[in-house]
Amino acid sequence: MSAKAISEQTGKEFLYKYICTSAAVQNRFLYANVTAETDFDRLAQEHPWLLTERLVVKPDQLIKRRGKLGLVGVNLDLNGVKQWLRPRLMKETTVGKAKGILKNFLIEPFVPHKQEEEFYLCIYATREGDYVLFHHEGGVDVGDVDAKAKKLLIGVDEKISEESVKKDLLTHVPNDKKVVLSNFIVGLFNLYEDLFFTYLEINPLVVTKDGVYVLDMAAKIDATADYICKAKWGDVEFPPPFGREAYPEEAYIADLDAKSGASLKLTLLNPRGRIWTMVAGGGASVVYSDTICDLGGVNELANYGEYSGAPSEQQTYDYAKTILSLMTREKHPDGKVLIIGGSIANFTNVAATFKGIVRAIRDYQVPLKEHEVTIFVRRGGPNYQEGLRVMGEVGKTTGIPIHVFGTETHMTAIVGMALGHRPIPHQPPVAAHTANFLLNTSGGTSTPASSRTASFSENAARVEASPAKKTKLGAPVGKATTLFLKSTNSIVWGMQTRAVQGMLDFDYVCSREAPSVSAMVYPFTGDHKQKFYWGHKEILIPVYKNMSDAMKRHPDVDVLINFASLRSAFDSTMETMQYPQIHTIAIIAEGIPEAHTRKIIKAADEKGVTVIGPATVGGIKPGCFKIGNTGGMLDNILASKLYRPGSVAYVSRSGGMSNELNNIISRTTDGVFEGVAIGGDRYPGSVFTDHVLRYQDTPGVKMIVVLGEIGGTEEYEICQGIRQGRITKPVVCWCIGTCATMFSSEVQFGHAGACANQESETAVAKNKALKEAGAFVPKSFDELGDIIKSVYDDLVAKGVIQPAEEVPPPTVPMDYSWARELGLIRKPASFMSSICDERGQELIYAGMPITEVFKSEIGLGGTLGLLWFQRRLPKYACQFIEMCLMVTADHGPAVSGAHNTIVCARAGKDLISSLTSGLLTIGDRFGGALDAAAKQFSKAFDSGMPPMEFVNKMKKEGKLIMGIGHRVKSINNPDMRVQILKDFVKQHFPSSQLLDYALDVEKITTSKKPNLILNVDGLIGVAFVDLLRTCGGFTRDEADEFVEIGALNGIFVLGRSMGFIGHYLDQKRLKQGLYRHPWDDISYVLPEHMSM
C-alpha cells in the first residue's frame, strides 16, 4: 500500500527536524517512550526534563480520540505518570470494535494554556490537490470538523501562501495570532509536501505568547516514496492498527516483498482460526475474504494476504512455508482448511508458483496431516494445467486431501466447498489444455480470413469507421471516446519482449493487417532491432534509445505502453505527454508515489490524454488491441473469445480480476467489447466514470459491468449518472471489500486504494447506493455471473443484442520454449551437465545449494570436491586439496610456465593471454606429472611388482619414472613442500599404501643419485590415489576413472594459475617493458657452410 500510518512520536520527530518556519515551535524533541521494559531511572537520566516538568502521558498506538476514552494523563509529575500507567500498561482495552493491549506510551511536557489558544489543523491529500482544514476551536470537543472547519485547496503543483491562509482559513483567529499561525501553516504544508505525507492532523495546536505547541498529532506518509525520502525518513516503523498485533512473520513477508519485484502481503487476523488463505492477486484476495465472511467464516478467518506479480518458485515457497508454519502451530477441534485460490493470471507462470507451494506442502506434510488440514485449489492462467497437475499429485503422494479446480469452476466456488455450503464434485470438469487451442486442427496451413471486426451484434463497417469521438457531459475535455481501433499503433517503453510477443500474437489471431507495436524505447541500449514472430514469420521491431527518435520516425503512433520501473515511470510518462500525437498512456508500474501520479493526472487532463494505471495490467479491446500482458496467454485469449468483440464492456480496478471478468463474461454472454483495469492505486489516471461514459457513447457496447472496490467515492458518480439519465445502458456493478466492515481492526488490502477512510467509502455502502440508483447489484461476487447472464438474456430477448455466428480464429504457432514448458515436445540436449545447476532460485553445486555450501564451511577443498568429484568429501580430504593448491601455487619466476607468463605480460598482453601462455607449458616435463605418476605407481603396485623390479623395468624400457627427480632438491636438501604433505597424509589418511610404495621406490632411486627424490608432483599423485581409494566416497572403478581422465593434473593447473596471475600482476605493477633475451645467453650454432 502507499499511505501508511506512523506513530505520533515519528510524526513529531519529522516535524521538529525538518519544519522551516519563523514561528517559535516549542518543546522540540521533548518526548520519551515508555514500554513494559522501560527502566524509569535510566529514562530520567536520558531525559532530565522528566524530573522538572509537569507531564502528559498517552498511548502511542494509532488510537483515535484518546482524550474522550480517558487514555490521556494530564499535569502529572514522574511518580504520577508511573501511578497512572500501572493500571493501563500491558492491559487489554477496547476501542470501538477493536480489543488490544496498551503497550507503547508517550510522555511529553504538560503545556498550560487557555481554551481559546487551542486550534484544529489538518492537511490531507485528494485527487485534485491537498486540502488544508483549520478551525479556530480545537481540542477534545472539536466535533464534526468537516462541517465546521475552513478549507483551502492547494491544487497539484500549486504553492501555498500566507496571504491565502490568512484570507481563507484564519478569519476567526485573533489578529495577534494570524502572523504566527499563517507562517506555521505554510511551513507545515511545505514539510507535508517535501516528506510525502498524505495525512497530517494536529489537534490541538496551541498558540501562546511563547510560541506554537504541537500537542496531539496523527499522520500518514506515502510509503512508496521511500526511495526519495530515505535520507530524511531513515528506517520508519509502521505500527499495526490498534487491536492487531505485529507478528514477526508479517515482518518477514514484508521484507521479502521489499526485496522482490513481485507483491507479497500477509496480515494475521486470528492465528487460532481454522480458515487460512493463500490467494494470488490483490483483487482476488479481497473477493475470497468477502466470500468467506459472507458464508459466516469471519470469526474463523485466520489471515489476509496475497502473492502476485510473477513471484519465483523460491519466493512462493518462502511465502507458502510461512503460512503453513503458522497454521500448524495450534490444533482446531474441527480441523483446518487452506484455500489456495486466485483469478486467471495475466502473466504469472502458475506452474512455477505452484511448484513452490508444493515444495512447502511436502516439507509440512506431517504437521498438515496432524492438524487435519484440507486444501482447496482454484487457479487459471499461463501453464495452469501443469500447476493443477502437480498440486493434485502432491495430494495423492502425501495423503493430504487436496481438491483441485481450474477455470471451469467459478472463482469462489471452492470457498463454499471448504465451508460445507456446497458439495465437492468427485470428478470436476477438465478444461482444455493450452495445446488444444494453439495447434492447427483444420488440416490446412493457410491463415483464415479476418473474422468479425465489430461487436457480435453490430455492423462491422459502422463500428470500425467510428472516429475518435469526444465525450459529452461529465468527461474530461478533449479525451477520445474510442481509445483503440484495429489500426491503433503503439510504442512500448521497456525491454518487455514477452509482453510484446503476446501483443503480436493477439494481433495475429485478431486478423490485424499489421502489428500493433511500431517500436520500443529502452534507454539502456543503443538503437537496434529486436526479433519477434508475426504468425509463422520472423519480423524486426526497432528499439530506440530515446523517446524523441521513436516519435519522429513513427508519427502514426498514438498509444504508449509504459513498463518503466516505479522510479522512472513518472519521468518517462511526463516526457511522453510532450508529444501531441499520444492520446492514451498505460502505466504498468506499481508503487509510484501518489504525489507523482497526481502530477501525471493533471498534465494528462490539460493535454487530453487518457491514462490507464498506474499499477495496472492495462486493458483489452477484442479484435483490435491489447495492452501488454492483458488477457494472459493465447489459450485464455481464445478460451474467453477475446479475438473478436462481444457486446459487454467492463471496467475494473484489479488486473487479475479483469481477466476473471473476461472468463465470466465469455461464459454468460456473447463476449467482451472492451475491458479496462484502471489500477489499484488511490488515484488512478482514469476513473470508473471516464470509461463508463465512453461505453455509454459507444454503439457497440450494449451493457456495462463495473467491478468496484472498497475505498474512494468514484462509484457514487456512476449512481449520479444513472439517476440523471446520462447513463442509460444496463450497468451490472459489484464493489469488493464487503468483509472490511466485519473486521474488528482496520485491514489494508492488496491495492493501495482499498481502504475506507469513512463510512461512505465502504463496499457495503457503495453497493447499497448503486442498487438504489438502478444498477444491477448481486448479493455477492458468487452471483455476479448469474446477474450478468440475466441482464444479457433480457437484452437478447428484447432484440437489443442479436448474437452472431461464431467464426474460428486463425491459428498461431506455439513458441518452442512454451511448448517445452507444457511438455508437448522433446529434443536431445546439446550438452549434459551433472555438477552445477543455476536455473533455480539459488546456485546448486552437485546437489548442494550455495547457501548450504557456506553454512557447512566446506571451504575451497569441499567446493572442488563437489564440482570435480560430485561428492561431499571428508574434512581431511578437503584440507589436503587446499594444501595441494597452496604448495603448487608457485615455484619462482625461473620455471617455464612462470617465465612464459612474464614474457607475455611484458609484451603488453592482457591477463587471460598471459595466463594461457604459462598454462600451455604444463605437461609431463613441467607440472603435468601428477596423472602420469599416479598411473605408473598404481599400475606397478596393483600388479604386485616389488619396488626394485619396478625401477629396473622402467630403466630397461628407457622410461622416466614420473614424479621422481628434482633439479635442485635432493635427499640431503629435501623439498619442504613434500615433507608437509607427507606428514599430513600419514597423520590423517586411513591408509597410504601407494605413498608407502612410492617412498620405497625413492629409497632405491636416491641410492643411485641423491636428487632422484619423490617430488611434489609424485607425492600429490600417489597420495590422491590413496585418498580416492580409501576415503569411502568412491568405488575402486570410480577412483581409477578420475585418475584416467586427468583429474589430478587439474590440481596443479588450478594451484599454479594463482602463481601465474601473481607474476602477471607483479610485472604490471613494476611496469616492466618488453622482454628481449640477451645475446650472450644464446649459443648461435650455425651450419659451417652457412658461416663461411
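This report describes nonpolar cores, a surface patch, an annotated span and salt bridges in a predicted model. Local features need pLDDT of at least 70 and side-chain atom pairs count only at pLDDT 80 or more, whereas totals for chains, interfaces and linings use all residues. Residues are numbered from 1 along each chain as its sequence is written, and side-chain values use heavy atoms, with hydrogens and water left out.

**Cores and buried positions**

A nonpolar core is here a set of buried Ala, Val, Leu, Ile, Met, Phe, Trp, Tyr and Cys residues joined through side-chain atoms within 4.5 Å. Buried means under 20% relative accessible area, exposed over 50%, and partly exposed in between (1.4 Å probe, protein chains only). The largest nonpolar core has 102 residues, and those with the most contacts inside it are Ile561, Met703, Val705, Val706, Ile718 and Phe781. Helix α17 (residues 497-509) gives the largest share of this core, seven residues. Helices (H or I, at least four residues) and strands (E, at least two) are DSSP runs, numbered from the N terminus. A second, separate core of 63 residues includes Phe984, Ala998, Phe1024 and Ile1051. In soluble globular proteins, nonpolar side chains tend to be buried together.

Contact means heavy atoms within 4.5 Å. Threonine 597 lies in helix α20 (residues 594-607) and is buried, at a relative accessible area of 3%. With residues up to four places away in sequence not counted, threonine 597 touches Ile592, Pro614 and Tyr683.

**Annotated span and surface patch**

An unreviewed UniProt entry annotates residues 484-592 as "domain: CoA-binding"; such annotations may be inferred rather than shown by experiment, and UniProt positions are given in the numbering used here, with feature names shortened. The span of residues 484-592 is 26% helix and 29% strand, and its end C-alpha atoms lie 25 Å apart.

On the surface, Tyr816, Leu824 and Ile825 form a nonpolar patch with about 250 Å² of accessible area together. Patches are made of residues with over 30% relative accessible area and no salt bridge; like charges are joined within 9 Å, nonpolar side chains (Val, Leu, Ile, Met, Phe, Trp, Tyr) within 5 Å. Accessible areas come from the Shrake-Rupley method with a 1.4 Å probe, and for residues only the protein chains shown count as cover. Tyrosine 816 is in helix α27 (residues 816-821) and counts as partly exposed at 38% relative accessibility.

**Salt bridges**

A salt bridge is a side-chain nitrogen of Lys or Arg within 4 Å of a carboxyl oxygen of Asp or Glu. The count by this rule is 47 salt bridges.

| Pair | N to O distance |
|---|---|
| Glutamate 46 and arginine 42 | 3.4 Å |
| Arginine 389 and glutamate 386 | 2.6 Å |
| Aspartate 942 and arginine 1029 | 2.8 Å |

Aspartate 942 in helix α33 (residues 929-942) and arginine 1029 in helix α37 (residues 1016-1030) are 87 residues apart, and the pair links distant parts of the chain. Aspartate 942 is partly exposed at 38%, and arginine 1029 is partly exposed at 22%. Salt bridges that share partners also join Glu8, Lys12, Lys58, Arg66, Glu108 and Asp216 into one network.

Glutamate 46 and arginine 42 are four residues apart in helix α2 (residues 40-46), so about one helical turn separates them. Glutamate 46 is partly exposed at 48% relative accessibility, whereas arginine 42 is exposed at 55%. Arginine 389 and glutamate 386 both lie in helix α13 (residues 384-398), three residues apart. Arginine 389 is partly exposed at 38%, whereas glutamate 386 is buried at 19%.
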